[in-house]
Amino acid sequence: MTTTNPVPDTQEPRAAATEAAVSVRDLHQKYGDFEAVKGVSFEIRPGELFGLLGTNGAGKTTTIETLEGFRRPSSGTVRVFGQDPYGNPPGVRERVNAVLQGSGLMEDLTVQETVALARDLASTPRTAEEALELVGLTEKTRTHVRQLSGGQKRRLDLGLALLTRPEVLYLDEPTTGMDAEGRIDTWRIIQRLKDEGTAILLTTHYLEEAERLADRLAIMHRGRVGVEGSLQEVLSGWGDRVGFTLPADVPTSDLPRLDGAELEVENGGGQLRATYTVKAGSVDERAHHAVAALLAWAEGQGTVLRNLQVRGASLEDVFLQVADGAADLVSG
Ligand SMILES: Nc1ncnc2c1ncn2[C@@H]1O[C@H](COP(=O)(O)OP(=O)(O)OP(=O)(O)O)[C@@H](O)[C@H]1O
């Protein structure tokens, strides 16, 4: 474990890396008759960041709130260090913290007063200086909360959550409202927490955030997980894209069919662009075979593949397919 912060001797040793810090098994959660979460399962180990992505209303916050112990599951189990977190019992309470969407900051307090108040409630907190330094608010100690920008308030929320040195940290859209610099700073802090062994559950609408930070991720839509796995697992299941501009004198119907590839033709700026999504064959070689077949076809036509591009699927491609309902319980 890489430790960039001093950890006092009074700290309990962190759980062994093989033991799940957080475990969610077939979680269902209902609001009255409406089922917001429909069978979600995942685990998070110490030092691991699990990214929970999804469309609006997919059930991410409901899942986090259940893990936090605000709600009992309608069915299924959630465990934090092997314990039921409902009601935030001792044994869970001291080891977990969260940055939630609606911050409970008191606008009339200064940053310093806010941190002091939170420290009073913690058993072995970081110093105020350390927490504020971690989130880049050292120069704002005397500023009133109401005078902080939206992004600075998110940083303060994170600083408060870090005071208790949580072993499990729930981050519900922690960088919403931050500028690009603030977001990158926050990613550094989150990376540091991971290196210290913190198990992190992150929800975000910024796909790049998940790409940078998540060891594993799931994309939810309407209460279900559409895809789950490491970034590489999630992307490799969705094929490589081979695209080119169709020569003006070649009709779409002349485009070749490739085994295991779907063809789409789009009109962009008066030009037709053909894109093959190649899913069949080995992940390492399928793009090569598709390009070779297309080059042979072009040569036979006496033409060239203009603006030829080859790329793997992006997380955005996968997200959009899940949101479209095209991905139904596909796992990496
Ligand atoms: N207290 C509640 N009572 C009834 N329905 C609720 C309640 N809270 C959430 N819902 C519904 O449950 C579904 C899941 O909501 P949730 O907030 O968990 O989604 P989310 O994935 O966090 O969404 P977003 O990305 O928009 O924040 C939504 O359809 C929402 O309207």
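A residue counts as buried if 20 or more other C-beta atoms lie within 10 Å of its own. That term returns throughout this briefing on a predicted model. The protein chain has nine helices and 14 strands. Buried residues make up 35% of its 332 residues.

**Overall build**

- The C-alpha atoms of the protein chain fill a box of roughly 75 × 45 × 40 Å, taken along the principal axes.
- Among contacts in the chain with a separation of 6 or more, 69% join residues 24 or more positions apart.

**Strand E3**

- Strand E3 spans residues 49-54 and is mostly covered. Six of its six residues are buried.
- Leu49, Gly51 and Leu53 point one way from E3. Phe50, Leu52 and Gly54 point the other way. Both sets are buried.
- In a regular strand, side chains alternate between the two faces of the sheet.
- E3 pairs with strand E7, residues 199-203, in the parallel sense over four bridges. Within that pairing, Leu52 has Thr203 of E7 as its bridge partner.
- E3 also pairs with strand E8, residues 216-221. This pairing is parallel too, over five bridges. Here Phe50 stands opposite Arg216.

**The E2-E1-E4 sheet**

- Strands of a sheet pair through backbone hydrogen bonds, either parallel or antiparallel.
- Three strands form an open sheet in the order E2-E1-E4, with antiparallel pairing.
- E2 and strand E4 (75-80) are the edge strands, and each pairs on one side only.
- Neighbouring strands of this sheet are turned by 25° against each other on average, direction ignored.
- Strand E1, residues 22-31, meets E4 in the antiparallel sense over five bridges. Ser23 has Arg79 of E4 as its bridge partner.
- Helix H1 packs on the sheet and touches E1, E2 and E4. The direction of H1 makes about 115° with that of E1.

**Around the ligand**

- The residues surrounding the ligand include Tyr31, Phe34 and Ala36. Gly54, Asn56, Gly57, Ala58 and Gly59 also belong to this shell. Lys60, Thr61 and Thr62 complete the list.
- Strand E2 (34-44) and helix H1 (60-67) are the elements that give two or more residues to the shell.
- H1 gives the most, with three residues.
- By class, the shell has four nonpolar, six polar and one charged residues.

**Nonpolar cores**

- The largest nonpolar core has 58 residues. Those with the most contacts inside this core are Val22, Leu67, Ile200, Leu201, Leu202, Ile219 and Val318.
- Helix H4, residues 150-162, gives the most to this core, with five residues.
- Another core lies apart from the largest one and has eight residues. Among them are Tyr276, Ala290, Leu294 and Leu305.
- Which residues does Leu67 touch, not counting residues up to four places away in sequence? Leu67 touches Val22, Val24, Val78, Val80, Pro85, Tyr170 and Leu201.
- Leu67 belongs to H1, which spans 60-67. Two of the partners of Leu67, Val22 and Leu201, are also listed among the residues with the most contacts inside the largest core.

Conventions:
Residues are numbered from 1 along each chain as its sequence is written. This is a predicted model: local features need pLDDT of at least 70, side-chain atom pairs count only at pLDDT 80 or more; totals for chains, interfaces and linings use all residues. A residue is buried if 20 or more other C-beta atoms lie within 10 Å of its own, exposed if 12 or fewer, and partly exposed in between; C-beta atoms are placed from the backbone. Two residues are in contact if their C-beta atoms, placed from the backbone, lie within 7 Å. A residue is near a molecule or strand if its C-beta atom, placed from the backbone, lies within 6 Å of it. Ala, Val, Leu, Ile, Met, Phe, Trp, Tyr, Cys and Pro count as nonpolar, Asp, Glu, Lys and Arg as charged, and the others, Gly among them, as polar. A nonpolar core is a set of buried Ala, Val, Leu, Ile, Met, Phe, Trp, Tyr and Cys residues joined through C-beta atoms within 7 Å. Two strands pair if DSSP finds at least two bridges between them. Axes are lines fitted to C-alpha atoms, for helices over the stretch in contact, and angles run from 0 to 180 degrees between N-to-C directions.
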